[in-house]
Amino acid sequence: MLVSALLCYAGFMALCLAMQKHHASLVGRQGAPGLLRALRWAGWCLLGLSPWPAMAAQGWAFGLVQWCAVLMASAGLLVWLLPYRPRLAVGLAGVCVIAGPAGALLAGFG
Amino acid sequence: MREGFRQAMAWLHTWAGLLFGWLLFAIFLTGSLTYFRQELNRWAHPEVLYQQAGTPESLASAQAFLEKHAPGAPNWLIIAADERLPVLTLYYRQTSESGRGSLVETVVDPRSGEAVQARDSRGGEFFYRFHYELEMGYPWGRWLASLAAFVMFVTLVSGIITHKKLFKDFFTFRPGKGQRSWLDGHNALGVLALPFHLMITYSSLVIFMTMTMPASILSRYDGNTRAFFNELFPATAGMGDTAQRQAPMLPLPALYARYLALVPGGQVGMVSVDKPGTASATATFTPKVGARVAYLPGGGVTLNAVDGSVVRGLAAEPVPQRVAGGFYGMHMGRFAGPVLRWLYFISGLAATAMIGTGLVMWLGKRLLKHAGATVQPFELRVVGALNLAGMVGLVCAVAAFLCANRLLPLALAGRASWEVRVFFLVWLASLLHALWRPNGAGWLQQLSAAAAMLLSVPVLSQFATSRGLAVTLPQGDWAVAGVDLACAGFGLVLAWLARRVWRRALQARAEQAPPRAVRIKREAH
């Protein structure tokens, strides 16, 4: 569930940064079209992968419900942090990008 | 054409949302509280020393109690203890001399097997029943709640259509910009938790579908809905030997062992014993509701209670039943662990806040047109009062209900009804107050009152009961401590909101002061 949440948050942040107006305000400069496209791809891939850890750990029924819950919660947290603590919001996504796959690998091998 | 359609949907969203907004706010707030129904029940009965017991031990306690107190009852119903509410709830029909039976409910300690002595309070059950029956009596409350759910669904769909930039503004929230921020907040709460909103609203329609939309049942079963339910939930009565010979019953733990042999690892939520003490006695073991996502009542394994043979095994679950049960189960979230339960609760509050922001926006938009006027139009005053009473007033009523649990004398006759009366009296008082002051001052006063009451809850628990935070925290009793802590937390949030309203009022007064002074001077001349 936690790994799913991390992947969801990172995915949403990538999608958010893929939008020019958010990219400009968060990074401080206009993003190149190629970079934005790459971010959009990364975002959708992360979101696409995010249900699997929860479903692998809890079975599809529980896993799917948990994934839906953390999907909404992570997007909510992101949108709430953006106007008040934008640097924290981006930093958290960085942590998620590293901790998410690491957690998935640990859960997979452990 | 397209813009015309969108405008029509915006109109529908605005007016359907306004008409049902206050009712939906109440339904969603009490529904969110219901996710902690068991915890609220524990909190509401602080005298009870909750202790966990294994299933066999607790079933033995239940059987001993029922054999002693209800030996001749036609049936027993045992709601098993679980981790969240570790008490047995027993129901049996007591036949009086006139032949009319009355249903008796007893709460029993699963370890000692003794009836639990606790204060008369409905606790979380009140919010649960209010959530779908609105204290209106069967079937009116259920119909009104179903209608509200239908309107909620309509407002959700029309809201999605009205929202022009759903994806473009997905991450957008701009606080501190007046009406713009309210709309951003309303949209964010709506869009980000949209899967929850759609699920909870659609599933609420599924839960009452046999009541509100019986056409398919009526046509298939020639108008006999009873036949449909008999087929869906086959009765266990009269399945065994019809002779009423007395016969000793096997101990329930032994029958439970048989059940486990049939359903390995099966957790039991409910055991119903039919015709106990006779040769035709049966025991039906129903799986624990929280063991899976889908909620399918009526299933289970029926055993002959005298010789332990299987009378009816696990029934097949047709796909439509599983789908409906899936929606029912997802709505109630009985399967959720602590983290998921909190996410359910927060999503419920997000839906409540979405409705609240919608109501505030409806009024704010129209008040702008009358910004300079000293007297607002009557209808805006009414909506303003209903907004205040419907939102903050309800929170006041909930807080008062919780305080009443701690403050009402234990010996008061009909104590549980008095708690409910306190709830409605406070709500009524808040409505009268709101009609008198449907403005910033009213908001400030009611928010402060709600904050004060909620902040006092942990204090009252500490000094009026034996289970205050000083006891529950070291013991790690998070169910009871959690309610106290959550009350304090929400009290602080409301106090913060009150402070914001107060500061805004001060600001507005400072801005308005010069023109008013000029006007008074002019009047004087």
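Visitor: Are B:Asp477 and B:Arg467 buried or exposed?

Guide: Both B:Asp477 and B:Arg467 are buried. The term buried is kept for residues under 20% relative accessible area, exposed for those over 50%, and partly exposed for those in between (1.4 Å probe, protein chains only). This is a predicted model, in which local features need pLDDT of at least 70 and side-chain atom pairs count only at pLDDT 80 or more, while totals for chains, interfaces and linings use all residues. Residues are numbered from 1 along each chain as its sequence is written, chains are lettered from A and ligands numbered from 1 in the order in which they are written, and side-chain values use heavy atoms, without hydrogens and water.

Visitor: What makes B:Asp477 and B:Arg467 a salt bridge?

Guide: The closest N and O atoms of B:Asp477 and B:Arg467 are 2.9 Å apart. A salt bridge requires a side-chain nitrogen of Lys or Arg within 4 Å of a carboxyl oxygen of Asp or Glu, so a pair at that distance qualifies. B:Asp477 sits in the loop between H17 and H18 of chain B, and B:Arg467 in the loop between helix H16 (440-464) and H17, 10 residues apart. Shared partners join B:Arg42, B:Arg467 and B:Asp477 into one network of salt bridges.

Visitor: How do you know that B:Arg42 forms a salt bridge with B:Asp477?

Guide: Their closest N and O atoms are 3.4 Å apart, so the pair meets the cut-off. B:Arg42 lies in helix H2 (residues 37-44) of chain B, whereas B:Asp477 is in the loop between helix H17 (469-475) and helix H18 (478-524), so the bridge ties together parts 435 residues apart in sequence. Helices (H or I, at least four residues) and strands (E, at least two) are DSSP runs, numbered from the N terminus. B:Arg42 is buried, as is B:Asp477.

Visitor: Why is B:Tyr138 called exposed?

Guide: B:Tyr138 has 61% relative accessibility, so it passes the limit for exposed. The residue is in the loop between helix H4 (124-133) and helix H5 (140-162) of chain B.

Visitor: Why is B:Thr286 called buried?

Guide: Its relative accessibility is 12%, so B:Thr286 falls below the limit for buried. B:Thr286 belongs to strand S5 (residues 282-287) of chain B. Apart from neighbours within four places in sequence, its contacts (heavy atoms within 4.5 Å) are B:Gln267, B:Val268, B:Gly269, B:Met270, B:Gly299 and B:Gly300.

Visitor: What makes A:His23 buried?

Guide: The relative accessible area of A:His23 is 4%, so the residue counts as buried. A:His23 is placed in helix H2 of chain A, and its contacts beyond four places in sequence include A:Cys16, A:Leu35 and A:Leu39.

Visitor: How much area do chain A and chain B bury between them?

Guide: About 1700 Å², with 83% of it on carbon and sulfur atoms. Buried area is the accessible area (1.4 Å probe) that two parts lose on being put together, summed over both. The contact takes 22 residues from chain A and 23 residues from chain B. A:Phe62, A:Met72 and A:Val79 supply 33% of the area that chain A buries against chain B, more than any other three residues.

Visitor: How many salt bridges are counted between chain A and chain B?

Guide: The count is 1. The side chains of B:Asp169 and A:Lys21 meet at 3.0 Å, N to O. H4(A) gives the most to the side of chain A that touches chain B, with 15 residues.

Visitor: What makes A:Leu77, A:Trp80, A:Tyr84 and A:Leu92 a nonpolar patch?

Guide: Patches consist of residues with over 30% relative accessible area and no salt bridge; like charges are joined within 9 Å, nonpolar side chains (Val, Leu, Ile, Met, Phe, Trp, Tyr) within 5 Å. A:Leu77 has 34% relative accessibility, so it passes the area limit and counts as partly exposed. The four residues make a surface patch of about 400 Å², with accessible areas from the Shrake-Rupley method with a 1.4 Å probe, only the protein chains shown counting as cover for residues. Helix H4 (residues 51-84) of chain A gives the most to the patch, with 3 residues.
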